[in-house]
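Thanks, everyone; I would like to take a few minutes to walk through one model, starting with its overall make-up and then turning to particular side chains.

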Amino acid sequence: MAKEWTKNEKLNIINESKKIGILNTALKFDISTSTIKRWKSEVKVKGEGALEWGSGTQAKGNIKKFKSHDWIFKEPDDMSVKN
């Protein structure tokens with residue numbers, strides 16, 4: 001399971017990436033460069049509040065994904081043959 005970074009940890013990682021570069025920061029914190037880039041983009045567009053856990057673009061994408069698979073949570077008796 002992936003580590004759940006706090007808002008302050010994310011901000012520190014972003015600041016570190018400005019000093020030593022994204023690749024070196026990714027290696028230092030064992031995190032992907034794409035994650036750092038996504039965090040930087042979210043802060044630029046939505047502000048620091050976007051770094052709160054569960055408010056990012058990936059979390060919102062997962063909510064949509066789970067809603068489209070709501071049949072997983074139905075009882076077998078409630079499902080029709082189509083489901």
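Let me begin with a definition: helices (H or I, at least four residues) and strands (E, at least two) are DSSP runs, numbered from the N terminus. From the N terminus on, the elements of the protein run α-α-α-α, which comes to 4 helices and 0 strands.

Before going further, a word on conventions. This is a predicted model, in which local features need pLDDT of at least 70 and side-chain atom pairs count only at pLDDT 80 or more, whereas totals for chains, interfaces and linings use all residues. Residues are numbered from 1 along each chain as its sequence is written, and side-chain values use heavy atoms, with hydrogens and water left out.

On burial, I call a residue buried under 20% relative accessible area, exposed over 50%, and partly exposed in between, with a 1.4 Å probe and protein chains only. By that criterion, buried residues make up 20% of the 83 residues in the protein.

Now to the salt bridges, where the criterion is a side-chain nitrogen of Lys or Arg within 4 Å of a carboxyl oxygen of Asp or Glu. The structure holds 4 of them, and I will go through some of these.

Which residue does Lys-28 meet in a salt bridge? The partner is Glu-16, at 3.0 Å from N to O. Lys-28 lies in helix H2 and Glu-16 in helix H1, residues 7–20, so the pair ties together parts that are 12 residues apart in sequence. As for accessibility, Lys-28 is exposed at 53%, while Glu-16 is buried at 16%.

Within helix H3, Glu-42 and Arg-38 are 4 residues apart, about one turn of the helix, and they form a salt bridge whose closest N and O atoms are 3.9 Å apart. Here Glu-42 is buried, with a relative accessible area of 6%, and Arg-38 is partly exposed, at 23%.

Another salt bridge joins Lys-3 and Glu-9, with the closest N and O atoms 3.4 Å apart; Lys-3 is partly exposed at 47%, and Glu-9 is partly exposed as well, at 28%.

Finally, a point about the backbone. Most residues other than glycine have a negative phi. Asp-30, although it is not a glycine, has a positive phi of about 55°. Where is Asp-30 found? It sits in the loop between helix H2 (22–29) and helix H3 (33–46), and Asp-30 is exposed, with a relative accessible area of 71%.
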